[in-house]
Amino acid sequence: QVQLVESGGGMVQAGGSLRLSCAASGRTFSPYAMGWFRQAPGKAQEFVAGISWSAGVTSYSDSVKGRFTVSRDNAKNTVYLQMNSLKPEDAAVYYCAARGNYDSWYDSWGQGTQVTVSS
């Protein structure tokens, strides 16, 4: 059983930066990929960024491309989301998730961390 714990959320002014972390624990942690998702009040959950665990191949939603960077530290079983040039529309609860296999969707989720961006 994989446990994911996010941290690093908070309140920031528009244009500011935050760095989210997601620490994973479990007997054997070797996912296919890790991802970040977000959900704002009244809106559907949105994929933000993902990274393959082995090769470090990244992907981003168009809404954050060029502003957010996802990275991972395999030795620490931790994935990060560096968020720069934050906008009010980036405000949401951010979740990290683990994807066990290539042919499966994300199946382990953290509890989420709140990001608030003031204009």
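What percentage of the 119 residues of the chain count as buried? The share is 42%, where buried means under 20% relative accessible area with a 1.4 Å probe and protein chains only, exposed means over 50%, and partly exposed lies in between.

This is a predicted model, in which local features need pLDDT of at least 70, side-chain atom pairs count only at pLDDT 80 or more, and totals for chains, interfaces and linings use all residues. Residues are numbered from 1 along each chain as its sequence is written, and side-chain values use heavy atoms, without hydrogens and water.

Start with the whole chain in cartoon view. It has 11 strands and 0 helices; these are DSSP runs numbered from the N terminus, with E for strands (at least two residues) and H or I for helices (at least four). The C-alpha trace spans about 40 × 25 × 25 Å along its principal axes.

Next, select cysteine 22 and cysteine 96. A disulfide joins them, with an S to S distance of 1.9 Å; the term covers a pair of cysteine sulfur atoms within 2.5 Å. The structure holds 1 disulfide. Cysteine 22 is in strand S3 (residues 18–25) and cysteine 96 in strand S9 (residues 92–99), so the link ties together parts 74 residues apart in sequence. The link is right-handed, with 45° about the S-S bond. Cysteine 22 is buried at 0% relative accessibility, and cysteine 96 is buried with a relative accessible area of 0%.

Then show contacts, meaning heavy atoms within 4.5 Å. Of those between residues at least 6 apart in sequence, 52% join residues at least 24 apart.
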